Amino acid sequence: MDITLVQGDITQQRADAIVNAANSSLMGGGGVDGAIHRRGGPEILEECRKLRASQYGKGLPTGQAVATTAGRLPARWVIHTVGPVYSRSEDRSELLASCHRESLRVADSLGARSVAFPAISTGIYGWPMDDAARIALEAVRAADTAVEDVRFVLFDGAAYAAFEARL
Ligand code: AR6
């Protein structure tokens with residue numbers, strides 16, 4: 001597996017699948033989730049609604065992942081995963097690792113060979129970037145997957161630097 005880092009906007013990435021840092025409702029939100037739905041168009045939300053109705057009446061649990069179309073984005077699929085909200089009193093790193101493992105498992109089930117990840121949980125959910133980079137990179141490296149190309153798409157220079165230091 002090749003792991004590469006890119007600074008930029010994940011909605012512009014050409015990859016078989018891009019990962020969305022979603023929330024349990026799967027109904028959209030701010031941050032990268034908002035950008036994906038905005039640029040990808042209504043087809044993505046439509047599929048999310050169907051998933052809610054058919055499989056995830058109570059929402060997608062934290063640490064799990066599910067795929068939809070990528071709509072108008074230059075990817076084939078969006079893999080939605082729900083990162084944990086950062087907590088100082090409780091170690092939730094296993095859930096953050098699970099987001100990466102489960103996203104790759106879903107990618108395998110789709111036959112995706114290239115997957116782009118944002119820095120899950122590091123925005124609205126408050127996870128310190130350096131720690132999130134360590135957990136994400138360890139989880140991806142340890143994953144048993146056929147995905148050949150994993151790309152972390154970091155929105156700004158500080159995020160890129162944190163991942164670069166860990167890689
Ligand atoms: N491309 C790449 N990275 C981005 C982009 C983009 N277009 N936009 C933001 N980021 P966040 P979370 C970075 O807040 O912390 C939503 O409302 C951002 O700088 O998107 O997992 C969901 O619906 C940060 O480093 O996700 C949930 O309610 C990283 O992506 C909640 O936010 C993740 O930030 C999830 O919070």
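Two strands pair if DSSP finds at least two bridges between them. Strands (E, at least two residues) and helices (H or I, at least four) are DSSP runs numbered from the N terminus.

This is a predicted model: local features need pLDDT of at least 70, side-chain atom pairs count only at pLDDT 80 or more, and totals for chains, interfaces and linings use all residues. Numbering starts from 1 along each chain as its sequence is written.

**The β3–β4 hairpin.** Strands β3 and β4 run antiparallel, joined by 5 bridges. Val66 stands opposite His80 in β4. The hairpin has 5 residues between its strands, and Gly71 takes a positive phi near 55°. In β3, 4 of 5 residues are buried (20 or more other C-beta atoms within 10 Å of the residue's own; exposed is 12 or fewer, partly exposed in between; C-beta atoms are placed from the backbone).

**The core.** A nonpolar core is a set of buried Ala, Val, Leu, Ile, Met, Phe, Trp, Tyr and Cys residues joined through C-beta atoms within 7 Å. The largest has 52 residues, and Ile18 and Val78 are among those with the most contacts inside it. Helix α4 gives the most to this core, with 7 residues.

**Helix α4.** Its 14 residues reach 20 Å from first C-alpha to last, close to the 20 Å expected at 1.5 Å a residue (1.5 Å times one less than the number of residues). Its buried residues include Met129, Ile135 and Val140.
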